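Subject: Handover of a structure and findings

Dear colleague,

Please find below the structure that I am handing over to you. I would be grateful if you would read the notes that follow with the model open beside them.

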Amino acid sequence: MSRNLVLGACLSSLVLLAALVSFVWTPYNYAALNIPDKLQSPNTQHWFGTDHFGRDIFSMIMVGARTSIAVALVAVGIGMALGVPLGLAAAARKGSWLDEVIMRGNDLVFAFPSLVIAILITAVFGAGAVNAIIAIGIFNIPVFARITRGAALSLWEREFILAARVAGKGAARISTEHILPNVANLLIVQGTIQFSLGILAEAGLSYVGLGAQPPTPSWGRMLADAQTMVSFAPHLALIPGFAIIVTVLGLNLLGDGLRDWLDPRIRVARV
């Protein structure tokens with residue numbers, strides 16, 4: 001295993017552990033207001049200090065990890081669940097009207113950034129974590145569709161696919177039994193990358209007020225609340241920003257390490 005894979009797995013596991021522990025324990029109640037203790041610097045009682053309402057930042061970071069992971073995980077799941085079948089169908093019917101409809105639909109979604117899609121969804125249904133999940137998930141669909149189609153097209157010309165066609169297997173069965181297992185490694189790596197991008201997107205949406213709503217903590221919301229207090233309480237912005245950096249860095253290193261570990265060509269080249 002590469003150092004990137006080990007380091008990425010350690011950082012990602014640390015964030016995941018904090019999110020899981022927050023379900024059963026946090027040092028303080030993340031929603032409890034304690035005005036007399038507001039804006040404390042990191043100390044022995046409050047490891048990461050307190051915010052302008054006296055809430056414990058360490059507890060908020062733990063619960064914020066849970067929020068970010070949940071939003072990104074469901075959004076990536078939506079993207080994979082819808083994008084992968086569309087990519088397989090487009091590759092199986094290359095050059096047909098189905099292929100054109102799917103790929104032009106992907107181009108249409110790519111024309112609107114996820115933030116714009118989130119604003120449109122929020123204008124209709126209101127702000128919230130569910131709408132953030134939908135917006136990020138919609139943006140992930142064409143990503144996985146393109147990745148799947150590009151990888152599948154090269155496989156459709158391989159000998160074992162031709163043998164399956166001669167054996168009488170249909171396009172749907174070939175895509176499920178032969179194409180999908182051979183592109184799974186690529187999808188896993190892309191999934192980790194999109195997971196990190198999903199966390200960034202969730203933080204960005206929360207920063208502008210379109211993500212998780214108070215009192216549910218969110219790293220992006222914490223950055224938005226801290227922007228007017230950076231001069232006299234910099235820890236309010238530095239700590240959630242550092243949490244985002246560590247999480248995204250860990251997932252990117254994990255994805256890079258998985259690519260090297262799962263790709264047999266890279267393993268052979270190293271040997």
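**The enclosed cavity**

Helices α2 (57-92) and α8 (219-226) each supply at least two residues to the lining of the largest cavity. The model is a predicted one, in which local features need pLDDT of at least 70, side-chain atom pairs count only at pLDDT 80 or more, and totals for chains, interfaces and linings use all residues. Residues are numbered from 1 along each chain as its sequence is written, and side-chain values use heavy atoms, with hydrogens and water left out.

A cavity is a set of points, on a 1 Å grid over the protein atoms alone, where a 1.4 Å probe fits but cannot get out; a pocket is an open set with protein on both sides within 12 Å along at least five of seven lines; and lining residues have an atom within 4 Å of a point. Grid points are joined across faces, edges and corners, and a volume is the space filled by probe spheres set on the points. Under this rule, one cavity of 30 Å³ or more is counted. The largest cavity holds about 80 Å³ of space. Its lining includes Asp51, His52, Arg55, Met60 and Met222. Helix α8 contributes the most to this lining, with three residues. By type, the lining residues are six nonpolar, one polar and three charged. Here Ala, Val, Leu, Ile, Met, Phe, Trp, Tyr, Cys and Pro count as nonpolar, Asp, Glu, Lys and Arg as charged, and the others, Gly among them, as polar.

**The chain as a whole**

The chain has ten helices and zero strands; helices (H or I, at least four residues) and strands (E, at least two) are DSSP runs, numbered from the N terminus. Its C-alpha atoms fill a box of roughly 75 × 50 × 30 Å along the principal axes. Of the 271 residues, 46% count as buried, where buried means under 20% relative accessible area, exposed over 50% and partly exposed in between (1.4 Å probe, protein chains only).

**The nonpolar cores**

A nonpolar core is a set of buried Ala, Val, Leu, Ile, Met, Phe, Trp, Tyr and Cys residues joined through side-chain atoms within 4.5 Å. The largest one has 39 residues, and those with the most contacts inside it are Ile61, Trp156, Ile179, Phe195 and Trp219. Helix α2 provides the largest share of this core, ten residues. Another core, of twelve residues, lies apart from it, with Val71 and Ile133 among its members.

Contact means heavy atoms within 4.5 Å. Leaving aside neighbours within four places in sequence, isoleucine 179 is in contact with Leu88, Ala152, Leu155, Trp156, Ile161 and Ile174.

Serine 68 is found in helix α2. Is serine 68 buried or exposed? It counts as buried, because its relative accessibility is 1%. With neighbours within four places in sequence set aside, serine 68 is in contact with Ile199, Glu202 and Trp219.

**The second largest pocket**

The second largest pocket has a volume of about 400 Å³. It is lined by 16 residues, of which Leu14, Ala18, Phe48, Phe58 and Ile61 are the closest to its centre. Helices α1, α2 and α9 each give two or more residues to this lining. The lining divides into 15 nonpolar residues, one polar and no charged.

Yours sincerely,

A colleague
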